[in-house]
Amino acid sequence: MALNDRGNTGQLFVSNIFDTKDHFAGSITRLDVTLSPSGITVLGATTIASGYTSAPDTAGTVVGPAGLAYDRENDTLYVAAEGDNSIYKLKGAGSTTKDLGKDNGF
């Protein structure tokens, strides 16, 4: 997970190994949230990236999009995808309203 802290609001970028049907599906979801003394309210959830390899490996663990780092200044999310053995770049991760695919920046 990665965080874009905006004070009373924020964005949480979460990597997903499974989809809602318990099938392997490597994707990234952005949760737009507000923060208050009573807790966190989720305002919306958007799948902003998909297509990453997600599957069990020979060691018996599940690989997929794992490491996330957000560059607020450039609105870019970096995704370390274990199953692809690659690092991907998603420009516009904090502002997009659609699925950007695996990589739209390199």
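Tutor: Two strands pair if DSSP finds at least two bridges between them. The strands themselves (E, at least two residues), like helices (H or I, at least four), are DSSP runs numbered from the N terminus. The model is predicted, so local features need pLDDT of at least 70 and side-chain atom pairs count only at pLDDT 80 or more, while totals for chains, interfaces and linings use all residues. Numbering starts from 1 along each chain as its sequence is written, and side-chain values use heavy atoms, with hydrogens and water left out.

Student: In the hairpin of E7 and E8, which residue takes a positive phi?

Tutor: E7 and E8 pair in the antiparallel sense over six bridges. Across that pairing, Tyr 70 stands opposite Leu 77 in E8. Four residues sit between the strands, and the one with phi near 50° is Asp 75.

Student: Is Asp 75 buried or exposed?

Tutor: Asp 75 lies in the loop between E7 and E8. Buried means under 20% relative accessible area, exposed over 50%, and partly exposed in between (1.4 Å probe, protein chains only). The relative accessible area of Asp 75 is 17%, so it is buried.

Student: How does Asn 85 count at its relative accessibility, buried or exposed?

Tutor: E8 and E9 run antiparallel, joined by six bridges, with Ile 87 in E9 as the bridge partner of Ala 80. Asn 85 lies in the loop between them. Its phi is positive, near 55°, though it is not a glycine. At 73% relative accessibility, Asn 85 counts as exposed.

Student: How many residues has the largest nonpolar core?

Tutor: A nonpolar core is a set of buried Ala, Val, Leu, Ile, Met, Phe, Trp, Tyr and Cys residues joined through side-chain atoms within 4.5 Å. Those with the most contacts inside this one are Phe 13, Ile 28, Tyr 52, Leu 77, Val 79 and Leu 90. Strands E4 (39–52), E7 (65–71), E8 (76–81) and E9 (86–91) each supply at least two of its residues. The residue count is 15.

Student: Which Asp residues does Leu 90 contact, leaving aside neighbours within four places in sequence?

Tutor: Contact means heavy atoms within 4.5 Å. The partners of Leu 90 include Ala 49, Tyr 52, Leu 77, Val 79 and Leu 100.

Student: What is the relative accessible area of Gly 94?

Tutor: Gly 94 is found in the segment after E9. Beyond four places in sequence, it contacts Arg 6, Gln 11, Phe 13, Arg 30, Tyr 70 and Asp 75. Gly 94 is buried, and its relative accessible area is 12%.

Student: How many bridges join E3 to E4?

Tutor: The two strands form a hairpin with two residues between them. Leu 31 stands opposite Ala 45 in E4. The strands run antiparallel, and the number of bridges is eleven.

Student: What accessible area do Leu 35, Ile 40 and Val 42 have together?

Tutor: Leu 35 lies in strand E3 (residues 24–36), and at 36% relative accessibility it counts as partly exposed. Patches use residues with over 30% relative accessible area and no salt bridge (a Lys or Arg side-chain nitrogen within 4 Å of an Asp or Glu carboxyl oxygen), joining like charges within 9 Å and nonpolar side chains (Val, Leu, Ile, Met, Phe, Trp, Tyr) within 5 Å. Areas come from the Shrake-Rupley method with a 1.4 Å probe, and for residues only the protein chains shown count as cover. The three residues form a nonpolar surface patch of about 270 Å².
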